[in-house]
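User: I'm new to this and would like to learn how to read a structure, one feature at a time. Can you walk me through it?

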Amino acid sequence: MPIYEYICLKCSEQFSLLQRVTGDQKETKCPKCSSGDVKKMLSSFCCSSGSGKSISPAVSAGGFSGGG
Ligand SMILES: [Zn+2]
């Protein structure tokens, strides 16, 4: 679920909301002053393609090499 950031044009309150990709768009209101005069901002982490793949180096289970 993408997170959209909004900013209130009335009290300059910034808040983020979780919105579904599909479905109708509900009226967004400021949680602070309950004003509907909000503006959608661009999220910083956009265009995220692919699933998170973590590259971990193969850990070789070696023993202690050393003459003793
Ligand atoms: Zn507000």
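Analyst: Donors are N, O and S atoms within 2.8 Å of the metal (3.2 Å for Na, K and Ca), and since water is not among the atoms, sites may look incomplete. Four donors count as tetrahedral if all angles lie between 85 and 135 degrees; four count as square planar and six as octahedral if opposite donors are over 155 degrees apart and all others between 65 and 115; anything else is irregular. A quick note on the source: this is a predicted model, where local features need pLDDT of at least 70, side-chain atom pairs count only at pLDDT 80 or more, and totals for chains, interfaces and linings use all residues. Residues are numbered from 1 along each chain as its sequence is written, and side-chain values use heavy atoms, with hydrogens and water left out.

User: Which residues coordinate the zinc ion here, and why is the arrangement called tetrahedral?

Analyst: Cys8, Cys11, Cys30 and Cys33 each coordinate the zinc ion through SG, at 2.2 to 2.4 Å. The angles between the four donor atoms are 107 to 117 degrees, so the arrangement is tetrahedral. Along the chain, the donors follow the spacing C-x2-C-x18-C-x2-C.

User: Where do Cys11 and Cys33 lie in the chain?

Analyst: Strands here are DSSP runs (E, at least two residues), numbered from the N terminus. Cys11 is in the loop between strand 1 (3-8) and strand 2 (14-18), while Cys33 is in the loop between strand 2 and strand 3 (38-41), 22 residues apart.

User: Is Ser35 buried or exposed?

Analyst: Buried means under 20% relative accessible area, exposed over 50%, and partly exposed in between (1.4 Å probe, protein chains only). Ser35 has 8%, so Ser35 is buried. By comparison, Cys11 has 28% and is partly exposed.

User: How many salt bridges are there?

Analyst: Side chains of opposite charge can pair when their charged atoms come close. The rule asks for a side-chain nitrogen of Lys or Arg within 4 Å of a carboxyl oxygen of Asp or Glu. That gives one salt bridge, between the side chains of Glu13 and Lys32 (3.6 Å, N to O). Glu13 is partly exposed at 24%, and Lys32 is exposed at 58%.

User: How many bridges join strand 1 to strand 2?

Analyst: Two strands pair if DSSP finds at least two bridges between them. Five bridges join strand 1 to strand 2, and these strands run antiparallel. Ile3 stands opposite Leu18 in strand 2. Strand 1 is also joined to strand 3 by four bridges, again antiparallel, with Ile7 opposite Lys39 in strand 3.
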